[in-house]
Amino acid sequence: MDEIGGSMNDYQVIIRPVITEKNTALMEEGKYCFEVAQKATKAQIRQAVERIFSVSVLKVNTMNVRGKKRRRGRDKFGYTADWKKAVVTLKPGEVIDVLEG
Amino acid sequence: MAFHRAGLVKVTKEKLPRSVVAFDIELDHDQVEKELDRVARRLSQKHTIRGFRKGKAPRSVIESHFGRETLFEEASNELIEQSIQEVLKQEHLTPIGQVQIESVQLAETLRFRFTVPVATAMVLPDYYQVRIPLEVAMVTDEMVQRAMSNLREKHVALLEVEEPRPARQGDQLMVRMAMFDGDRPLNQPEEGQELPQTTLLLEPDRLVDEVYACLVGGRAGETVETTARMRDDYTNEKLRGKDVTFKIEIVGLHERFLPSWEELPDLEGVEEGLEGLQKHVRENLENAAHQAAVQRVVDQFVAYLVEQTDYDVAEVMAARVAEQLLHEEEQDLARVGLTMEQVLERQGQTREQAIQRLIPLAEKQYRTTMVLSKFIEQERLSVSNSEVREEIKEILRGHREEERNYIRKQLSGPHREMVAQALLDRKLRERIVEIVAAETDVTGEAGGSRGS
């Protein structure tokens, strides 16, 4: 098990960009949304984004997203996986081409 | 030729042989971008993309989701189709075959080349100066007499002979005739089948001398044999000058009773007696001679028009007509119980080869059709509804009362077009004869009283 500040590389910290209608609108304000490792810290996320995309990060906001309830069959219920979301604000004028990866 | 028009940056037209036109088209960047946006919007509305409501995903997301190529392909398909339609409309061209799209390049701009066979304009030569004499063959007394004899033959009565007797001159024989060149059979039946029965009229001028001689005196059920040297002018070229052996089985014998000359007018439904019938026969022969002369004039005139008209038949049209000709051959074969596949197999040909074989004929036929259509248009020949109605009435007059209802229904319905076509054909012939036989200038008369 990785410890905080342990041996995760940048691509283990940033799992994928989250591209949704809302996030696409946020991109215009320089805010980019990523799914990140649940154990990743804001500092790790900042570092990873700066290194992967060669940009300067102004602010990182994170939140844990609870898995959604899903029904299987008539009376069986389960949950989708919990995950961690990070909204990274870049310095004005900087952009990330999230679609190019 | 290069020119600009709304939407299309550059259009270059090139005339190719066989009525094919090629266009090089270039569309500008803005138009391509606009189309890419439109396609992205359409895809976004049609498909669910995770994280977006339908129709809300931006073009960049759509591009990464479906792939840039898909978007480009969709956009270029739309643009190419629109451009082709626009170009053809602007150029007033009527395509007569498939458009072929070549070398599509889509980057900042869209460039492509397409070729299309089109109906080309045709200019007929000045045919008003053409003079072809209408030479109607003279009907001689001998021709009338021969026609009268044929009429008499038509009413011959065949009677079974009551007592078996030897065949004699004038009899009609049913025979099976096998012919041999030495030992080699010249007419072999299909395997497991008998030779077909043939009817022979036992007259010295209708048969080879030796065959006539051996059949006279023969009886039904007998087989006679003779060898004859075929004349050098014999109809079958392969047999000329050869010694052919005939083995003839006499299957049946009928006595022929020709009606007397006096009976003939009655049998032909002519009330004016033998002289009246002769007059009627002469009129028919004269009419036929006139028709034959008209046909010769029409054939020569049409041949002149086709030869003097510069018209490039599009390959696609020649192929289409050849296909039609093959289909007609197929229908003819079906009437005698054969299929095209059987015939082609026997000839060692494929269907494609058969079509290729028909291409020269198809080209000739299509060129003639186009030339005549142009002539009809130029001469403003047409057939009105009232003319068709009159023609139908005329046709009905020649039929019995009880048949008329059925024929009227047929001619007013499914076969109306045929009646109109026949009328137009008649007008066409009349006009051609009028032009080529004219002593004065007939150019000004075009269309005057030739229907509406």
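The following legends describe close-up views of a predicted model.

In this predicted model, local features need pLDDT of at least 70 and side-chain atom pairs count only at pLDDT 80 or more, whereas totals for chains, interfaces and linings use all residues. Residues are numbered from 1 along each chain as its sequence is written, chains are lettered from A and ligands numbered from 1 in the order in which they are written, and side-chain values use heavy atoms, with hydrogens and water left out.

**View 1. The interface of chain A and chain B.** Chain A gives 5 residues to the contact and chain B gives 9 residues, where contact means heavy atoms within 4.5 Å. About 580 Å² is buried between the two chains, with 61% of this area coming from carbon and sulfur atoms; buried area is the accessible area (1.4 Å probe) that two parts lose on being put together, summed over both.

**View 2. The salt bridge between B:Arg53 and A:Glu21.** The rule finds 1 salt bridge across the interface of chain A and chain B, the term requiring a side-chain nitrogen of Lys or Arg within 4 Å of a carboxyl oxygen of Asp or Glu. The side chains of B:Arg53 and A:Glu21 meet in a salt bridge at 2.4 Å, N to O.

**View 3. The open sheet of chain A.** This sheet has 4 strands in the order 1-2-6-3, with antiparallel pairing; strands are DSSP runs (E, at least two residues) and helices likewise (H or I, at least four), numbered from the N terminus, and two strands pair if DSSP finds at least two bridges between them. Strand 1 (14-17) and strand 3 (57-65) of chain A stand at the edges with a single partner strand each, so one side of each is left without a neighbour in the sheet. Strand 1 of chain A is joined by 3 bridges to the antiparallel strand 2 (residues 31-36) of chain A, and A:Ile14 stands opposite A:Val36 in strand 2 of chain A.

View 4. In B:Glu26 and B:Arg111, which form a salt bridge, the closest N and O atoms are 3.5 Å apart.
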